[in-house]
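Here's a walk through a protein fold for anyone who likes to know the cut-offs behind the words. Take a look at the model first, then read on.

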Amino acid sequence: MEYVRNAWYVAGWSDDFNRTLKPLTILEQGVVCYRRESGEVVALEDRCPHRYLPLSKGRVLGDDVQCGYHGMTFGPDGRCVRVPGQDNLPSSAHVHRYPIQERHGIVWIWMGAPEKADPCEIFDMPEFDSNGWAVHFGDHLHIGSHYLNVAENLCDPAHVSFVHPTTLGNAASEDVPIRVVREGDVVVTSRWIRNAEPVGFFKAFGNFQGHVDRWHYYYLHPPCTSVIDFGSSSELGLDEEDRDQGMRIFALHFLTPVDATNTIDHWMHIRNAATNDDGAGDRMNELFRVAFAEDKEVLEAIQAEELKQPERRSVRIAIDRGPNMYRRIVSDMITAEKAILQTAVDEKPKA
Ligand code: FES
Ligand SMILES: [Fe+2]
């Protein structure tokens with residue numbers, strides 16, 4: 001499986017990290033995380049360079065991590081600081097350190113060349129800390145599928161009528177056309193379902209009596225961040241720019257590819273309704289759990305079929321414009337990274 005490496009991926013929520021060693025697999029690489037005494041999160045390669053015992057099987061000593069086999073000890077910068085039984089520290093005795101940033105309760109890890117890690121590139125949106133919005137964390141959903149199919153599902157409003165008939169969709173949207181535009185590298189797929197019965201989610205939380213206008217905007221930021229802006233308004237004929245006047249939810253999905261057949265979907269939401277009611281956030285998460293379990297079931301069944309006949313090409317139809325655009329952007333990102341790597345190899349002075 002090919003991945004975009006020069007990108008920030010979500011390692012977990014802030015609450016997931018403490019003074020114990022936490023092993024993760026991201027882009028097929030073993031990573032071990034822990035907090036320093038100052039609270040800062042550290043991420044190191046999860047493999048001792050001596051006999052390759054995962055460092056996550058060792059222990060935290062102050063700011064360092066000690067291997068659980070022969071006690072070699074590594075600092076938060078990945079450098080070896082102690083080899084029991086000898087005074088000299090071999091220069092090759094170090095592990096890779098992954099850049100980490102923590103903001104809004106989310107821990108981000110950079111999987112590419114450390115010198116290219118720019119915190120300005122971390123996904124952000126003003127609603128994380130604006131008045132009138134509530135931020136509510138969800139789960140780390142394991143999906144037995146490669147990340148491209150999971151991401152494709154997140155720029156695909158067309159599946160909602162069929163996969164989520166009791167929560168996020170209903171038959172009213174089955175034949176409503178989808179608008180697809182590219183804004184920079186972001187794929188935006190959207191549609192409005194005007195003057196129709198509210199879907200289950202908004203019946204439960206919007207207290208709507210009659211018909212509503214409902215919108216779905218899927219913003220897919222390649223490679224792995226998805227913002228689904230969806231909502232409903234009892235004021236019919238609502239302008240596209242006035243979505244804040246309705247009940248508006250941003251469901252955020254941060255995909256972290258594990259390997260060729262597994263992805264973690266870190267999901268959460270931000271909403272402009274019931275903003276002081278944490279219980280409402282929990283109840284919304286219950287409905288999200290139902291819906292995302294439906295996606296998981298579909299995506300894992302697809303993965304199983306793909307593995308049976310990997311050479312078969314799927315048929316693409318009109319609603320695939322967004323997914324096709326997304327795959328092309330990711331493929332271009334991977335090609336560009338490879339070209340930079342190749343240039344670096346070509347330019348390296350020969351010994
Ligand atoms: S395997 Fe880590 S010190 Fe020997
Ligand atoms: Fe879905």
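## Ground rules

This is a predicted model, so local features need pLDDT of at least 70 and side-chain atom pairs count only at pLDDT 80 or more, while totals for chains, interfaces and linings use all residues. Residues are numbered from 1 along each chain as its sequence is written, and chains are lettered from A and ligands numbered from 1 in the order in which they are written.

## The big picture

The protein has five helices and 18 strands; helices (H or I, at least four residues) and strands (E, at least two) are DSSP runs, numbered from the N terminus. Its radius of gyration is 23 Å, close to the 20 Å that the globule rule gives for 351 residues, so the protein is as compact as a globular protein of that length. That radius is taken over C-alpha atoms, and the rule is 2.2 Å times the number of residues to the power 0.38. Along the principal axes, the C-alpha atoms fill a box of roughly 75 × 45 × 35 Å.

Of the 351 residues, 36% count as buried. Buried means 20 or more other C-beta atoms within 10 Å of the residue's own, exposed means 12 or fewer, and partly exposed is in between, with C-beta atoms placed from the backbone. Among contacts with a separation of 6 or more, 57% link residues 24 or more positions apart; a contact needs C-beta atoms, placed from the backbone, within 7 Å.

## The seven-strand sheet

Seven strands make an open antiparallel sheet in the order E12-E18-E17-E16-E15-E14-E13, where pairing requires at least two DSSP bridges between two strands. E12 and E13 (179-183) stand at the edges with a single partner strand each, so one side of each has no neighbour in the sheet. From one strand to the next, the twist averages 15°.

Within the sheet, E17 and E18 run antiparallel and are joined by ten bridges, with Leu-252 opposite Met-268 in E18. E15 (residues 212-221) has eight of its ten residues buried, so it is largely enclosed by the rest of the structure.

H4 (residues 278-308) has 31 residues and spans 44 Å from first C-alpha to last, close to the expected 45 Å; the expectation is 1.5 Å times one less than the number of residues. H4 packs on the sheet, touching E12, E17 and E18, and its direction makes about 25° with that of E12. Axes here are lines fitted to C-alpha atoms, for helices over the stretch in contact, with angles from 0 to 180 degrees between N-to-C directions.

Which residues of H4 are buried? They are Met-284, Phe-288, Phe-292, Asp-295 and Leu-299. Their cover includes helices H1 (147-153), H2 (160-163) and H3 (200-206).

Most residues other than glycine have a negative phi, and most peptide bonds are trans. Pro-222 and Pro-223 are joined by a cis peptide bond, with omega about 10°. Pro-223 is in the loop between E15 and E16, and a hairpin joins those strands through three residues.

Tyr-52 has a positive phi near 75° and is exposed, with 12 other C-beta atoms within 10 Å. Asn-195, in strand E14, has a positive phi near 50°.

Definitions and conventions:
Two residues are in contact if their C-beta atoms, placed from the backbone, lie within 7 Å.
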